[in-house]
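Colleague: Could you take me slowly through one part of this model, the charged side chains and how they pair? I would like the reasoning along with the result, and then a look at the ring pairs for context.

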Amino acid sequence: AEVQDRALWSALAQGAIRESARMNAQGIANCVNGFPKAEVQDRALWSALAQGAIRESVRMNAQEIANCVNGFPKAEVQDRALWSALAQGAIRESARMNAQGIANCVNGFP
């Protein structure tokens, strides 16, 4: 079951915003994929993670790209630079993506 504690998610979101500039590709992808979209509708969080994903997209592997593509909430994140960087990563990593990664990208791109 998902933890529906807004105070917890708010505290973690603030930490992720604070640390986003130091996160590597895996950290960014884990945060993007892990934050529950219904509980965390924090534009500052998604913006900070988007900037991190743009920065780290050249270092992301197939799974990290797929997790980011599927994980960013499209309603909150309408950042052309982000989707362009992730598209370039998906093209680069597509030969290494498994069926789930391909499905995440197909489902996740706006």
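Modeller: A salt bridge here is a side-chain nitrogen of Lys or Arg that lies within 4 Å of a carboxyl oxygen of Asp or Glu. Please keep in mind that this is a predicted model. R22 and E19 form such a bridge, their closest N and O atoms being 2.9 Å apart, and because the cut-off is 4 Å, that distance of 2.9 Å qualifies. E19 also meets the side chain of R18 in a salt bridge, with 3.4 Å from N to O, and in this way R18, E19 and R22 are linked in a network of salt bridges.

A search of the whole structure finds six salt bridges, and another one of them joins R59 to E56, where the closest N and O atoms are 3.0 Å apart. E56 has a relative accessibility of 8% and therefore counts as buried.

Turning to the ring pairs, the structure holds five aromatic pairs. In one of them, the rings of W9 and F35 have their centres 5.9 Å apart and their planes at 65°, so the pair is edge-to-face. W9 lies in helix α1, residues 6–19, while F35 lies in the loop between α2 and α3, so this pair ties together parts that are 26 residues apart in sequence. W9 is buried at 14% relative accessibility, and F35 is buried at 6%.

The rings of F72 and W83 are likewise edge-to-face, because their centres are 6.3 Å apart and their planes stand at 75°. F72 sits in the loop between α4 and α5 and W83 in helix α5, so here the parts tied together are eleven residues apart in sequence. Both F72 and W83 are buried.

Finally, a word on the cysteines: the count of disulfides comes to zero. C31 is in no disulfide, the nearest cysteine sulfur being that of C68, 9.6 Å away. The sulfur of C105 has its closest cysteine sulfur in C68 too, at 9.8 Å, which is too far for a bond. C31 is buried, with a relative accessible area of 17%, and C105 is buried, with 8%.

Note on methods:
Residues are numbered from 1 along each chain as its sequence is written. This is a predicted model: local features need pLDDT of at least 70, side-chain atom pairs count only at pLDDT 80 or more; totals for chains, interfaces and linings use all residues. Side-chain values use heavy atoms; hydrogens and water are left out. A disulfide is a pair of cysteine sulfur atoms within 2.5 Å. Buried means under 20% relative accessible area, exposed over 50%, partly exposed in between (1.4 Å probe, protein chains only). Rings of Phe, Tyr and Trp (its six-membered ring) pair if their centres lie within 6.5 Å; planes under 30 degrees apart count as stacked, over 60 as edge-to-face and the rest as tilted. Helices (H or I, at least four residues) and strands (E, at least two) are DSSP runs, numbered from the N terminus.
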